[in-house]
Amino acid sequence: MTRRLVIVSNRIPTEAEPAGGLIVALHECLTEIGGLWVGCAPDPVDVPTPGLTQIGEAAYRRATFDITPLEHEGFYLGYANSVLWPLFHRRLDLISVDGRHAEAYLAVNARVARLLADELAPDDLLWVHDYHFLPLAYELRRLGVTNRIGFFLHTPFPMSADLPALPQSDVFPDWMAAFDLVGLQTERDVAALLEMFRSDPEAEILLNGKLRRRGAEFQAMSFPIGINADEFGAQADLAGPDDPLALPAGEKLLIGVDRLDYSKGLVNRFEAFGAYLDRRDDGDPRATFLQIAPPSRGDLEAYRDIRAELESASGRLNGTHAALDWIPIQYICRPVPRGQVAGLLRRADVGLVTPLADGMNLVAKEYVAAQDPGDPGVLILSHFAGASEQMTQALCVNPYDIDEMADAIRQALSMPLRERKDRHAALLAGVRERGITWWTQNYLARLTGPDAPDDARPSLARAV
Ligand code: ADP
């Protein structure tokens, strides 16, 4: 008999056919094998419904739990996004510690654990996503739940040396050890986790590669997340040859597509483009840089600050370099439909993906998938994006080194076609080989357990 899959994530698709890479992949997975998806209701309410609320129509069940405005402030804005997010992205200076926020985070996790415990059948597989639910398995174990529980962290894993900045650093290892499988984006994240347990006197690393701590045994592995490259490439094809920016023929385009977040290295990227413009020779082609970065988490000061910084950086650069018929930096501060993003990525001669820290960065993979293989653009990729572990044929840069990035822009804009094609072919092969279906299949096969009989594994035949 096929085992039921139960997914928990903060965001949940609220329409029958959701948009967006990961959400689509998990949606397809659940549509194939059936199961339940539990997530947070999009709007906080003063009086939460005590149980789960069924939403939408789909081939599987979807249900939300409510949180109050105070819990939204503590669980989501306060602890998840003002402690965990900056800590996991190595911005300890942006951490804001408040005991009430930690209480709300722990209380929401304990409540979700109780709701799940009521729902779970003995054989269900539970797959928990991301930093909003670090203590969920720990809470479930306290309630006596013995199901296999997997976790996937979409962000980088924190460095051991940074962990004392987490007010709950003493229980963080217990949270991890309560899962059966901890999935991370890269090998360097696995190394960071092992480092944390290596210095833990209560933990041991077993010969079979698993870890044991206070009697709990679990495994940590990397599962680099991917995209559906063919589907994204088809969207870029559909966008057609028309240039929505109507740039003059021969003018080069550089593009950045990001959520507005301090981890994305946008100010450094703007400065690097400015340094490139400063050093440009008269013979160099004119190049415009389009940055799409809609605001996210605008309720938090750190996000308002980064927006103001970027607006001032783009104003400064345009003030210095603009001509009557040319605005060097076009900065779009709102979301752009996915099909249009695909078309713009296709049109761009250079993709700038230069985060200061990033779990994976799917835009790097989307840029490669969107290119015309006969005349592809060049990807400039930060060492600190998880994607750089796989995408070694990109021009890899240090996002803290403005001059190096400016040189990479120049190198990319003058790269011969042969080299562009070789680099792109190798990158595309990798993006295709390890796509989103590879990711869900491999994770779930490992979560089910390598010794489980085939009929005990979730069947992903259609998704293959
Ligand atoms: P993160 O999860 O930190 O936002 P990723 O690069 O891993 O970063 O994933 C972002 C996803 O959101 C990608 O699929 C990307 O195409 C999409 N995206 C990011 N910024 C925009 C934007 N400005 N407009 C439309 N889609 C965007």
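In this predicted model, C396 is partly exposed, with a relative accessible area of 27%. C29, by contrast, is buried, at 2%. The 27% of C396 lies between the cut-offs of 20% and 50%, so C396 falls in the intermediate class. C29 at 2% is under the 20% limit, and therefore counts as buried.

The ligand comes next. It is surrounded by 13 residues, and the closest of these are R259, K264, P294, L362 and E366. For R259, a side-chain N or O atom is 2.8 Å from an oxygen atom of the ligand. For K264, the corresponding distance from a side-chain N or O atom to a ligand oxygen is 2.9 Å. R338 also takes part, with a polar side-chain atom 3.4 Å from an oxygen atom of the ligand.

Three cavities of 30 Å³ or more are present in the structure. The largest cavity holds about 80 Å³ of space. It is lined by 13 residues, of which G377, V378, L379, R423 and L427 are the closest to its centre. Helix α13 supplies the largest share, with four residues. Sorted by class, the lining of the largest cavity consists of seven nonpolar, four polar and two charged residues.

Helix α13 also contains L428. L428 is buried, because its relative accessible area of 12% is under 20%. Along the chain, L428 is eleven residues from L417, and the C-alpha atoms of the two are separated by 16 Å.

The largest share, three residues, comes from α6. By class, the lining of the second largest pocket has eleven nonpolar, five polar and five charged residues.

Some loop residues deserve a look at the backbone. D130 sits in the loop between β5 (125-129) and α4 (136-142). Its phi is near 80 degrees, a positive value in a residue other than glycine. D130 counts as buried, because its relative accessibility of 12% is under 20%. R214 is in the loop between β9 (211-213) and β10 (216-222). R214 is not a glycine either, yet its phi is positive, at about 45 degrees. With a relative accessibility of 52%, R214 is over the 50% limit and so counts as exposed.

A further loop residue is T49, placed between β2 (35-40) and β3 (53-54). T49 has a relative accessibility of 38% and counts as partly exposed. The side chain of T49 is in polar contact with the side chain of D66, at 2.9 Å. T49 is also 18 residues from I67 in sequence, and the C-alpha atoms of T49 and I67 are 8.8 Å apart in space.

The last stop is Y138, which belongs to helix α4. Y138 counts as partly exposed, because its relative accessibility of 25% lies between the 20% and 50% cut-offs. Y138 and L352 are 214 residues apart in sequence, and their C-alpha atoms are 40 Å apart in space.

Definitions and conventions:
Residues numbered from 1 in each chain as written. Predicted model: local features only at pLDDT ≥ 70, side-chain atom pairs only at ≥ 80, totals over all residues. Heavy atoms only, no water. 1 Å grid on protein atoms, 1.4 Å probe; cavity = no way out; pocket = protein on both sides within 12 Å on 5 of 7 lines; lining within 4 Å. Points joined across faces, edges and corners; volume = space filled by probe spheres on them. Helix = DSSP H or I, 4+ residues; strand = E, 2+ residues; numbered from the N terminus. Nonpolar A, V, L, I, M, F, W, Y, C, P; charged D, E, K, R; others polar. Buried < 20%, exposed > 50% of the residue type's maximum accessible area, 1.4 Å probe, protein only. Near = heavy atom within 4 Å. Polar contact = N/O pair within 3.5 Å; in protein donor to acceptor, adjacent residues only side chain to side chain.
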